[in-house]
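Subject: Handover of a structure and the findings from it

Dear colleague,

Please find below the structure that I am handing over to you. The findings follow directly after it, and I would be grateful if you read them with the model open.

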Amino acid sequence: MGSADVIRSCLDAIRQVAEDLADGVVYLDAGCLEAFQLVGAFPLILDIGARAVCSLENMSSLDVVANWNSQSSVPATKIVIITTRLLNDAHRYILRCLSTHQTIVDCRIFTSISEVSHSACASSPLGPDAFREYESLLFMDYEDLLKKGNGKDVGALTESGENLLSQPWSTEFSEDFLPNTGSIPTGPSNSDRSRLRISVCHFPMVFCPLSPRFFVLPSESAIAEASLSDHHVDSISPGLPMMSGSRGSDDEIPPGATLTAHFLYYFALKMDLKLEIFSLGDSSKNIGKILTDMSSLYDVGRRKKSAGLLIVDRSLDLLTPCCHGDSAFDWVISSVSRSGRIVKSSSLSKKSPSTLVQRPRLDVKLPLDKVLEKEEMLLNNFAAFASGWDSGDVEGSENESGDRKTGFLTGSLVSVDNYKGVNYLEVLLDRGMKEGAMLVKKWLLGVIRENKVPANLKNRLAFPSGSELLSLAKLLASNQGSFVKNRDIIQLAVASFIALSEPFYSHWNALSSSEKVLKMSCRDSSQSLSNQIRDIIDRSVSSRSNGQNLISFHDSLLLSVVGYILAGVNFPTSGSSSPFSWEEEHSLKESVMEAILELPTVKNLSFLHGMEEELESNYRKKKDGILEETAESFNPEDLDDNWASWGEDQDSDQNNEQEYGEVQLKLELRDRVDQLFKLLHKISGLRSRNSAVRDIEGRFDSETYVGKGLLYKIMLMVLAKYDVPGLGFHSSAVGRILKSGLGRFGLGQAKPNLGDQSTIIVFVVGGVCGHEIREMQEAISESGRPDVELLIGGTTLLTPSDMFDLIFGSSGFM
């Protein structure tokens, strides 16, 4: 059997449904669009024979005449919809497609959420036979929509109609929301269209592969957005698993864990892998149990490639993704602008915002106008194509003058639709910042020589500047043919140029240096560490006033998380709930309060929700008061005593009211800051309260492993075939039978060792960062086992800014 390749498996899954896609208009929802863009599926879908590929959420009546593959003027009679959401969440968009395409008699729907998942989700009204139920319900709603048309041609839904369709199933429709399509060719009559054929199938291979060995889930898919923990005293965010050891055996399993388990089961099935399942962490153990319950005797009898699956809770190690490690991939992806969400989660259902996780998209916006300055025609062509995709963008993308931004093209960091793009990104994932930048320069020089582009090149491979990479990219973009052929390395060069430019380069280095200082301080005393945290908070405010804002207040909060985690490991008994003494923490609280009061605006901080306007008003009053005092000091006129004394009582009352308002604000702010520090206490105890993590960390006390993440240490132990503390094994169906029945005769199944597997899949529940990918690859190299094939997956891709949002932002529980 060949090696496992997630990109190849995704493309093979699309080929398996080629007959369904042929001669149809293909609609992809936001999650599927993100995944297929990364895997390079669009050329394949068109080669299969699809008429066009369109956005499900941003569809328009012009999609009716879209035909990229055929010269035929006959309207399409088939649409294919691929969604990563529950069918009831995607229902209004599906119904809008059917109502817009008047000639459709065949509607084929593929969903990445299985029937079992639909019946297991509390938010889904569908039962065990979910697909057949939805076929009937969709047909009933469509017939009802035709009747409401009163014999008219059913056209595209208006915005008001979209709101009417916000409920999962049928509702009342107004006349205004069924406009005539005008000049668009009409097809069968309403009676013919009532015989619409609808089919729903499962298509599980929808995920975002960033290399043949690394993948995450689409950010706007139902699985990535589902909650991984309930609002509990030991929960930090719905996007992170609950702290291990805090969940009871009878507690309800969160929907995110259930959906993740079902995804992993069908992922292994499609990859033709027989899994030996291991887990570390409470949430991962629940996922492992669901996986083994889904296994059957039929799966055991088939000839499959054996693989070990290791499921790990993100909450066991929050330090690594919060830090700015030496990873070229994390550095670049944190510097570029990420695309906005196509659909807001709040518009999909009536769910509570706390049950949905706002994951950032993997698409990035690269300023290609910087390398296409002389190619105005090519730039305009790309801008027109991009505006066509974004025509229904709910968030809007127009500038102040009302013109659409033509200088940006939304796309993946590196396209993986050819081998060069795959190799670039896969190699970059294993490199540090300096080495990664030098590699990009080396690749650019090599491509320029290969294409015989006239240039005065230097052979020195010193650390490049951003302007140097940009100038090399401009050489490759000097004509349309060269730009299209080498777009992968050009996009990567532009992204590297941004990362090397100011303020991104200095900002990353400043944060990385601050983290190193905190790690050094924790070796001395708790007082030294608390002083460093307080100094960072104070400098975040003073540097802003001096115009040198390398570290913002938001950055200082994330650095405080790093400091508290380090304190929890090194000083677990300094206080009753805090790793610091009362005096040290009181000083930290005062610094935070002063910093907040000095900020002109406070945004994206959940613990200050509802106080933003009061704090901004207080800041303006304080600033105006200072200006008034300055003006009075320069006033040459002395007021008459009588006039000065007139109205003294009234002014005194006003001053008292103002002072009372300030006291009230500070008391409320103090309560909010106390909540913030309770969260920091909780985070500081994540490692110390988990005996398995303590035992693992205790085996790597030497200076060699300082700064290494938990996954790196686990991989070293697994590859050396040591027992990993707390690692649970989930036996298969046959294993359970042998253990319960034939085990008494000595025929029981021996517990396998994860290190014996030649293929190991590591899936991090809650997300994984690029630095961890690099460290796990280092562990394989250091173990002397190059034969081991490692696949890495996670709920999402995590950067330090993503961790900030999960802890302090809209996706947190504060």
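Arg51 is buried, with a relative accessible area of 8%; buried means under 20% relative accessible area, exposed over 50%, and partly exposed in between, with a 1.4 Å probe and protein chains only. Its salt-bridge partner is Asp23, and the closest N and O atoms of the two are 3.1 Å apart. A salt bridge here is a side-chain nitrogen of Lys or Arg within 4 Å of a carboxyl oxygen of Asp or Glu. Arg51 lies in the loop between helix H4 (42–48) and strand E2 (52–55), and Asp23 in the loop between helix H2 (18–21) and strand E1 (25–28), so the pair ties together parts that are 28 residues apart in sequence. Asp23 is partly exposed, at 42% relative accessibility.

Before you go further, please note that this is a predicted model, in which local features need pLDDT of at least 70 and side-chain atom pairs count only at pLDDT 80 or more, while totals for chains, interfaces and linings use all residues. Residues are numbered from 1 along each chain as its sequence is written, and side-chain values use heavy atoms, with hydrogens and water left out.

The chain as a whole

The chain contains 33 helices and 15 strands; helices (H or I, at least four residues) and strands (E, at least two) are DSSP runs, numbered from the N terminus. Of its 814 residues, 54% are buried. Among contacts with a separation of 6 or more, 80% are between residues 24 or more positions apart, where contact means heavy atoms within 4.5 Å.

Other charged residues

The whole structure holds 24 salt bridges. In one of them, Lys589 meets Asp674 at 3.1 Å, N to O. This pair links distant parts of the chain, with Lys589 in helix H25 (residues 582–598) and Asp674 in helix H28 (residues 648–684), 85 residues apart. Asp674 is partly exposed, at 26% relative accessibility. Salt bridges that share partners also join Asp326, Lys708, Arg774 and Glu778 into one network. Another salt bridge pairs Arg8 with Asp5, with the closest N and O atoms 3.9 Å apart. Arg8 is partly exposed, with a relative accessible area of 39%, whereas Asp5 is buried, at 15%.

Glu775, in helix H32 (residues 770–783), is buried yet has no salt bridge. The nearest side chain of opposite charge is that of Lys708, 4.5 Å away; Lys and Arg count as positive and Asp and Glu as negative, while His and the chain ends are not counted. Leaving aside residues up to four places away in sequence, Glu775 touches Gly707, Lys708, Gly709 and Tyr712.

A helix and a hairpin

In helix H19 (residues 466–476), the buried residues include Gly466, Leu469, Leu470, Leu472, Ala473 and Leu476. They cover an arc of only 165° around the axis, which puts them on the same side of H19; the arc is that of the directions from the helix axis to the C-beta atoms. The buried residues of H19 pack against helix H18 (433–450), helix H20 (480–485) and helix H21 (487–500).

Strands E6 (residues 208–211) and E7 (residues 214–216) run antiparallel and are joined by 3 bridges; two strands pair if DSSP finds at least two bridges between them. A hairpin of 2 residues connects E6 to E7, and Pro209 stands opposite Phe215 in E7.

With kind regards
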